[in-house]
Amino acid sequence: IRAMKLCVIAGDGIGREVVPQALRVLQALLPALQVVEAEAGWDTFCQQGTALPAATLAAARDCGAVIFGAVSSPAHKVAGYRSPIVQLRRELGCHANLRPTLSLPGCGADGIDLLIVRENTEDLYIGEEQSDGDTATAIKRITRAASQRVAQSAYQLALAEGRQRLTIVHKANILPLTDGLFRDVARQVAAAYPQLQVDELLVDTAALKLAQAPQAFDVLLAPNLYGDILSDLAAAFGGGLGVAASLNLGEHAAIAEPVHGSAPDIAGQGIANPVASLLSLAMLLRHWWQQPALAARLEQAVRATLAAGTRTPDLGGSASTAAYCDAVIGRL
Ligand code: NAD
Ligand code: MN
């Protein structure tokens, strides 16, 4: 049994609006939840000289369960600034990023229920870049260990969720050593899961097929960069960034993380959509705290509230963040 203790990192912009409201809903569902608040992001960097203070990292480690809202990042390189979410995922060993897209009442297309499992620790995201001003190079690192770990998580989650098919995404025709290793390891791990139908697609073909028929996909397993891009594409069919949820999952910690950023264009108005945060918390309930019944109750209340026409402006409604959450609490 894991401690019902949550480290809450709201971050910047709408992170400070959607996270407290979503937390209110979670506390209505789980009154015994212990909450530890911590700081991260651009404002934190400006005040403390670091975007991820040691105290925040310690609190996150101690709780195991984290919700991370969103942070603002400078558009140009700022000395000393590092993305706190990338650092947090790495420090907590969250090796898999789960990004589901499913059709919600009155949002996006119908009949979609897919899960993208994205490797979360390596590939081009190690940030090893070099430049002499005229030639710039970045290292794409793929390891057998990380590929194995994420593949195992993907197959286990697929089975646990009663899914049938898993598609390995890569570009091994151009990158036989890096993407080829990822594909080969994923194929080897698949041998232990004969119940699943496993196939593969080149990433460009996967993007085309996803755009044409997102309903045709079940689970996609991808290296970091392709998983990042394809999951934003998939999110477009699920009602957009306001409802796109994710969970970073590791052995010792899990971070619930709405896919969206700090949305400076709407921050401060109280109208940001909290659904992405609520559905991310439902994933934390299901996959980290092993509370599938509570997760389903939360998801049902989110769906029923949307179906009843209570929605924020990004979904064509007029509800505020707080009013939407009040309606969800009323349906728990
Ligand atoms: P964004 O996700 O913040 O916003 C993109 C668009 O989607 C905006 O029009 C915004 O209003 C809308 N949107 C996003 N979330 C919404 C919600 N919950 N409800 C209603 N509308 C929503 O992306 P951006 O504008 O490219 O980036 C803004 C800042 O966020 C940048 O500083 C960027 O670096 C940062 N960012 C952070 C994360 C993260 O913390 N994980 C992710 C992406 C971007
Ligand atoms: Mn992204």
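Student: What separates the C-alpha centres of domain 1 and domain 2?

Tutor: In this predicted model, the C-alpha centres of the two domains are 24 Å apart.

Student: What makes domain 1 and domain 2 the domains of this chain?

Tutor: The bounds come from an automatic or database domain assignment. That assignment gives 1–94 + 246–332 as domain 1 and 109–237 as domain 2.

Student: How do you know that residues of domain 1 are in contact with residues of domain 2?

Tutor: Two residues count as in contact when their C-beta atoms, placed from the backbone, lie within 7 Å. By that test, seven residues of domain 1 meet six residues of domain 2. On the domain 1 side, α4 (84–91) and β11 (247–249) each provide at least two residues, and α4 gives the most, with three. By class, this side of domain 1 has four nonpolar, one polar and two charged residues.

Student: Why is Gly309 called partly exposed?

Tutor: The label lies between two limits: buried needs 20 or more other C-beta atoms within 10 Å, and exposed means 12 or fewer. Gly309 has 14 C-beta neighbours inside 10 Å, so it counts as partly exposed.

Student: Where is Gly309 found?

Tutor: Look in the loop between α10 (292–307) and α11 (321–331). From Gly309 to Ala319 is ten residues in sequence, and their C-alpha atoms are 9.3 Å apart in space.

Student: What makes a group of residues a nonpolar core, and which residues touch the most other members of the largest one?

Tutor: The members must be buried residues of the listed nonpolar kinds, joined through C-beta atoms within 7 Å. The largest such core here holds 103 residues, and Val66, Leu220, Leu221, Leu278, Leu281 and Leu284 touch the most other members. Helix α9 (residues 275–288) brings the largest share, ten residues. Domain 1 and domain 2 each supply at least three residues to this core.

Student: Which residues does Val66 touch, leaving out those up to four places away in sequence?

Tutor: Val66 touches Cys7, Ile9, Ala60, Ala253, Ile255 and Ala256.

Student: How do you know which residues are around ligand 1?

Tutor: A residue qualifies if its C-beta atom, placed from the backbone, lies within 6 Å of the molecule. There are 20 residues around ligand 1, and Ser73, Gly242, His260, Gly261 and Asn273 come nearest. This shell divides into eleven nonpolar, seven polar and two charged residues.

Key: Residues are numbered from 1 along each chain as its sequence is written. Chains are lettered from A and ligands numbered from 1 in the order in which they are written. This is a predicted model: local features need pLDDT of at least 70, side-chain atom pairs count only at pLDDT 80 or more; totals for chains, interfaces and linings use all residues. Ala, Val, Leu, Ile, Met, Phe, Trp, Tyr, Cys and Pro count as nonpolar, Asp, Glu, Lys and Arg as charged, and the others, Gly among them, as polar. Helices (H or I, at least four residues) and strands (E, at least two) are DSSP runs, numbered from the N terminus.
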